[in-house]
Amino acid sequence: MGQVLAPGVTAPDFTLRVTPDQTLSLGDLRGRPAILAFYPADWSPVCGDQMAVYNQVLPEFRKYDAEVIGISVDSAWCHQAFAETRHLHFPLLADFEPKGSVARQYGAYRDGDGVCERALFVVDREGIIFWSYRSPIAVNPGADGILDALDRLENQEKGDGRTQSASVGG
Amino acid sequence: MAELRVPVSAADHIRGGASGKVILVEYGDYECPYCRLAHVQVMQLGQHFGDELTYVFRNFPLTEIHPLAEPAAEAAEFAGAQGQFWAMHDAIYAHQEQLSLPFLLGTARALGLSENNLAAALEAGTYEPKVKQDFLGGVRSGVNGTPTFFINGHRYEGPFDYQHMAAAIQPLRPRL
């Protein structure tokens with residue numbers, strides 16, 4: 001179990017299935033902050049799992065103009081059923097073939113278990129990792145770390161005089 | 001990531017000793033079965049610790065999976081605005097399997113509150129901002145599901161049964 005990619009590193013680009021017949025690339029989100037949430041599996045048997053919380057926090061993420069993406073090794077069909085059942089309103093990507101290859105690039109794959117770590121990344125508008133965090137596999141990391149990172153990112157952007165671009169959209 | 005960021009204030013619903021040395025804050029959802037189980041345990045804790053324990057309930061409705069959690073939370077706030085928060089709160093958890101809009105309206109009536117006013121408040125979303133404020137405060141404190149408890153501002157990570165929670169509270173009581 002290695003380290004997840006650290007802040008300052010360019011987030012490796014990827015193209016993964018988001019539905020059985022569509023793909024999404026990290027590059028598609030360039031110009032907006034992106035939240036990448038790697039997680040072990042769909043269908044965790046609790047109410048209020050990690051994805052349910054992010055689903056509920058979406059309006060907050062959008063205040064920062066940020067897009068959240070869930071990534072696991074489940075297939076696009078599995079994601080589709082999961083998202084429909086839980087009424088998820090953000091994309092779930094299938095790191096399915098070759099299995100876990102994107103997670104590996106982010107240092108977020110668990111060899112042996114064959115699933116993603118619970119690893120979070122906030123990627124800035126230019127595609128650079130701004131914040132990363134790996135949670136113990138059994139611990140749902142919630143959204144506070146992400147929101148704190150988005151606060152710092154927003155402050156940094158203001159400091160850089162990019163307030164205008166930060167406040168447009170959302 | 002495990003500290004309560006929103007201190008207990010007059011905006012909260014408080015039960016038990018107002019000046020309790022031990023403050024138990026719960027983030028809960030009225031449609032969550034685990035919260036119903038926890039409610040029974042919390043009532044037991046209240047009986048055992050009496051005024052030494054201050055209990056605060058804050059809303060954390062996961063509305064996408066629990067569509068009735070939001071109207072239930074707003075109904076409790078509606079009752080709370082008229083001094084009946086805990087009566088509504090207890091009624092919802094006691095009859096969670098019956099939770100529905102007619103149930104909430106009927107409970108309001110049984111508490112001597114106006115059904116029509118509750119229906120209007122739900123329609124207008126009068127108490128939605130309060131519920132949302134609770135929810136966002138919870139998110140900022142790392143709440144990631146329900147129920148989530150904080151004891152004296154620190155997240156309680158143990159099982160939420162009476163024995164374990166009482167054991168966590170016991171050492172924090174003032175010396176007799």
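**A note on helix α6 of chain B**

1. Let's start with what is tucked away: Lys130(B), Val131(B), Asp134(B), Phe135(B), Gly137(B), Gly138(B) and Val139(B) are the buried residues in α6(B). Keep in mind that this is a predicted model.

2. α6 of chain B runs over residues 128–140, 13 residues in total. From first C-alpha to last, the helix reaches 18 Å, close to the 18 Å expected at 1.5 Å a residue. After the helix comes Gly142(B), with a positive phi near 85°.

3. What covers those buried residues?

4. Have a look at how α2(B) meets α6(B): the two pack at about 110°, and their axes are 9 Å apart. Angles of 65 to 115 degrees count as roughly perpendicular, so α2(B) is roughly perpendicular to α6(B). On the α2(B) side the contact is made by Glu70(B), Ala73(B), Glu74(B) and Glu77(B). On the α6(B) side it is made by Glu128(B), Lys130(B), Val131(B) and Asp134(B). By type, that contact has 6 charged residues, 2 nonpolar and no polar ones. Two of the α6(B) names here, Lys130(B) and Asp134(B), are also on the buried list.

5. Is His66(B) buried or exposed? It counts as buried because its relative accessibility is 8%, and buried means under 20%. The His66(B) side chain makes a polar contact with the side chain of Asp29(B), at 2.9 Å.

Key:
Residues are numbered from 1 along each chain as its sequence is written. Chains are lettered from A and ligands numbered from 1 in the order in which they are written. This is a predicted model: local features need pLDDT of at least 70, side-chain atom pairs count only at pLDDT 80 or more; totals for chains, interfaces and linings use all residues. Side-chain values use heavy atoms; hydrogens and water are left out. Helices (H or I, at least four residues) and strands (E, at least two) are DSSP runs, numbered from the N terminus. The expected span of a helix is 1.5 Å times one less than its number of residues. Buried means under 20% relative accessible area, exposed over 50%, partly exposed in between (1.4 Å probe, protein chains only). A polar contact is a pair of N or O atoms within 3.5 Å; within protein, one must be able to donate a hydrogen and the other to accept it, and residues adjacent in sequence count only if both atoms are side-chain atoms. Axes are lines fitted to C-alpha atoms, for helices over the stretch in contact, and angles run from 0 to 180 degrees between N-to-C directions. Angles under 35 degrees count as roughly parallel, over 145 as roughly antiparallel, 65 to 115 as roughly perpendicular and the rest as oblique. Contact means heavy atoms within 4.5 Å. Ala, Val, Leu, Ile, Met, Phe, Trp, Tyr, Cys and Pro count as nonpolar, Asp, Glu, Lys and Arg as charged, and the others, Gly among them, as polar.
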